[in-house]
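Let's take a walk through this model, from its charge pairs to its surface patches. Have the viewer open as you read.

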Amino acid sequence: MDRRPAHLNRTGLTLLGAVLAAAGGAGLARGLGAFGDGRASAPVLSGEVRRFADERGWFWPALAAAAVVLALLGLAWLLAQGRSGKMAGLALEPDADAGGTRLSAKAVTGAIEDEIGEYPGVRKARARLIGSSRRPELRLNVAYGQRADAAELRRRIEEESVPRLCAALERDSVPTVVRLRLVRKEQPPTVV
């Protein structure tokens, strides 16, 4: 799994947070008189900066445009965080000229979730297809109880479930990441 985008997000947000915290701290310190009482009550923009802005009619509109661009970039970044990379469906025909067959990704993930969910000791299985129709990737999250054999569970996923998925999708292989999570607390079965 590629963790580079998450690392870049954390690094960028940490740096941005540090810069904004430093600027806010400096502004607060100035307002409280840490740099002298004269500076605490003085305008933030010095006379030279105000004069520069007043003499050039383009300054404030340019500043407003830059703020709008920054806001739009922030919005685009925020929207990009919401994308999961999850596929809606898979094209099974390699040649689009010969026709097209689409298979719902939800049907594929539901089938593999049901299969793995029936393995002994499995509490919950979640599957997600990401990537593209040409190169789909499978992400599996499997929660299992203490009585389950984790090695046997992994073996069955690797030797039974994933090859069956590859055969159904008519692929030689589907890159798969499996996360096994031990559920320590045994929950009593629900009787209906």
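## Ground rules

A salt bridge here is a side-chain nitrogen of Lys or Arg within 4 Å of a carboxyl oxygen of Asp or Glu. Arg-56 and Glu-55 meet that test, with their side chains pairing at 3.5 Å, N to O.

What you're looking at is a predicted model, where local features need pLDDT of at least 70, side-chain atom pairs count only at pLDDT 80 or more, and totals for chains, interfaces and linings use all residues. Residues are numbered from 1 along each chain as its sequence is written, and side-chain values use heavy atoms, with hydrogens and water left out.

## Fold and confidence

The protein chain has six helices and five strands (DSSP runs numbered from the N terminus: helices are H or I with at least four residues, strands are E with at least two). Along the sequence they run α-α-α-α-β-β-α-β-β-α-β. Of the 192 residues, 21% count as buried, where buried means under 20% relative accessible area, exposed means over 50%, and partly exposed is in between (1.4 Å probe, protein chains only).

How far does the predictor trust all this? The mean pLDDT, a per-residue confidence from 0 to 100, is 83 for the protein chain, and 88% of the residues score at least 70. Where pLDDT is low, the predicted coordinates should not be read in detail.

## Salt bridges

The structure holds nine salt bridges. Side chains of opposite charge can pair when their charged atoms come close. Back at the opening pair, Glu-55 is exposed because its relative accessibility is 55%, and Arg-56 counts as partly exposed at 30%.

Arg-154 bridges to Glu-158, with the closest N and O atoms 3.4 Å apart. These two are separated by about one helical turn because they are four residues apart in helix 6 (residues 150-168). Arg-154 is exposed at 51% relative accessibility, and Glu-158 is partly exposed at 46%.

Arg-155 pairs with Glu-159 at 2.9 Å between the closest N and O atoms, and this pair too lies in helix 6, four residues or about one turn apart. Arg-155 is partly exposed, at 28%. Both residues belong to a salt-bridge network that also links Glu-152, Arg-156 and Glu-160.

## Surface patches

Patches are built from residues with over 30% relative accessible area and no salt bridge; like charges are joined within 9 Å, and nonpolar side chains (Val, Leu, Ile, Met, Phe, Trp, Tyr) within 5 Å. Accessible areas come from the Shrake-Rupley method with a 1.4 Å probe, and for residues only the protein chains shown count as cover.

Which residues form the nonpolar patch? They are Leu-13, Leu-16, Leu-20, Val-68, Leu-72, Leu-75, Trp-77, Leu-78 and Leu-79, with about 880 Å² of accessible area together. Helix 1 (4-31) and helix 4 each supply at least two of its residues, and helix 4 gives the most, with six. Leu-79, in helix 4, counts as exposed because its relative accessibility is 54%.

There's a positive patch as well, where Lys-86, Lys-106, Arg-128 and Arg-179 gather on the surface. For charges, Lys and Arg count as positive and Asp and Glu as negative, leaving out His and the chain ends; each charge is placed at NZ of Lys, CZ of Arg, CG of Asp or CD of Glu. Lys-86 lies in the loop between helix 4 (59-82) and strand 1, and at 57% relative accessibility Lys-86 is exposed.

Key:
pLDDT is the predictor's confidence in each residue, from 0 to 100.
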